[in-house]
Amino acid sequence: MLALVIGLAATWLWYNEEFQVLDAKKRATFNEDFIELPQGVVRYELGGPAHGEMVVLVHGFSVPSHIWDPTFEFLTEKGYRVLRFDLFGRGHSDRPDVAYTIDFFAGQVDSLTHELDVDEPFNLVGLSMGGPVTTRFTNLHPEKVRQLVLVDPMVYAPSREDIAPLTWPLIGPYLANVYLMPRLAAGQTSDFVDKGRFPDWEASFREQMRFRGFRRAILSTLREFDGSGILEEYEKLGQSGEAVNIFWGRQDQTVPLAHSKKLLELVPQARLTVIDRAGHLPHLERAEAFNPRLLELLRN
C-alpha cells in the first residue's frame, strides 16, 4: 500500500508543471498590458486607431489570445480598433478559484469592455469555446453587439458521462494532472491540417502551464460547460434575429464541419463560410482566405 501511495505521489510530481505564481512581480517582467477587473487581473491587447470600429476577439478552451495573431494584425492594419485578451485561467490572466461557467466568461467580456470604455456597439468574434461564450454575451447584451462572428464554434460539450472520472473528488484533479494535461499540450497540433507548419505551437502552449491554477481552471471548465445549455443559447440567438456569420475549416477534426448542420438549424439567419484545406483554426492556417472574407463581412 505504501509503495502505491509513493508511486502515485511521484507520478503527480513528475507531471506537475505549475511551479510559478502569476503575481504582480512576475507580470512586471512581461511587456504586456493588464487591467484589474472584479474577477481578477486580465492580460489584454488593444491595437489599431483610437477611433476605428471596434472588434473584440475571444479565444477558445485552452490556447490564449496569441491564437489571434494574424487576425489581430490584419484588422489593425485595415483601420479597426481590435481588442484581444486572455480568458481567466489562461495565458497571463488570473486563475481565480471559481466555477468556470459560460456566464463567468461572458461576464469577463462585459467587465473588460466596460472598464476599457467601449461605448459603441462592437463586432464580436468567438473561436471554438469562445463561440458559446460570445453567443451568451450577445443574448444578454444584444444592444452592445453590432455583429457576431463564430469561428469553428463549439456546438456540443462533453457529456457528464464522458468526463465522469474528472468530476470525482481527489481522483479528478489527479487525473487532470497526470493524464489530461500532458495530452492537452501534446494534442494541440491536431487542430491543423498541416501540422509541420507550426513546429513551436506546443512549446508556446506550454508556457501558460507553468503558472499555478491553470490545471484547476481547465478542469473546472470541463466540469461546468453544459451541452444542453450551449444549444439553448444558440436557439435564443436564432430567435433574436441578430446578424451572425460562421466560419468553419472543412477538415476540422476538433469540431467537425458536420456540427454546423445543427448550428444552422438553431440559428437559421446565420451565413456559413467554409475554408478549404483548414482544420480547427482556419484564421491561422488559411489566413489568406479567412481575412478577406472577414473584412468583407465586417464592412457590410
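The largest pocket has a volume of about 680 Å³. The structure is a predicted model. This briefing covers two pockets and the packing of two helices, α7 (171–186) and α9 (214–224), each of which gives two or more residues to the lining of the largest pocket.

**The largest pocket**

- The lining of the largest pocket consists of 29 residues, of which Phe61, Ser128, Leu184, Thr254 and His280 are the closest to its centre.
- Helix α7 supplies four residues, the largest share of this lining.
- Sorted by class, the lining of the largest pocket comprises 16 nonpolar, 11 polar and two charged residues.

**The second largest pocket**

- The volume of the second largest pocket is about 250 Å³.
- The second largest pocket is lined by 13 residues, and those closest to its centre are Ala50, Gly52, Met54, Arg81 and Asp117.
- Six nonpolar, two polar and five charged residues make up the lining of the second largest pocket.

**Packing of α7 and α9**

- Two packed helices are described by the angle between their axes and the distance between the axes.
- The axes of α7 and α9 come within 10 Å and cross at roughly 95 degrees.
- Angles of 65 to 115 degrees count as roughly perpendicular, and α7 is therefore roughly perpendicular to α9.
- On the α7 side, the contact is made by Gly172, Pro173, Ala176, Asn177, Leu180, Met181 and Leu184.
- On the α9 side, Phe214, Arg215, Ile218, Leu219, Leu222 and Arg223 take part in the contact.
- By class, the contact of α7 with α9 contains nine nonpolar, two polar and two charged residues.
- Leu184 belongs to the α7 side of this contact and is also among the residues closest to the centre of the largest pocket.

Technical notes. Residues are numbered from 1 along each chain as its sequence is written. This is a predicted model: local features need pLDDT of at least 70, side-chain atom pairs count only at pLDDT 80 or more; totals for chains, interfaces and linings use all residues. Side-chain values use heavy atoms; hydrogens and water are left out. On a 1 Å grid over the protein atoms alone, a cavity is a set of points where a 1.4 Å probe fits but cannot get out, and a pocket is an open set with protein on both sides within 12 Å along at least five of seven lines; lining residues have an atom within 4 Å of a point. Grid points are joined across faces, edges and corners, and a volume is the space filled by probe spheres set on the points. Ala, Val, Leu, Ile, Met, Phe, Trp, Tyr, Cys and Pro count as nonpolar, Asp, Glu, Lys and Arg as charged, and the others, Gly among them, as polar. Axes are lines fitted to C-alpha atoms, for helices over the stretch in contact, and angles run from 0 to 180 degrees between N-to-C directions. Angles under 35 degrees count as roughly parallel, over 145 as roughly antiparallel, 65 to 115 as roughly perpendicular and the rest as oblique. Contact means heavy atoms within 4.5 Å.
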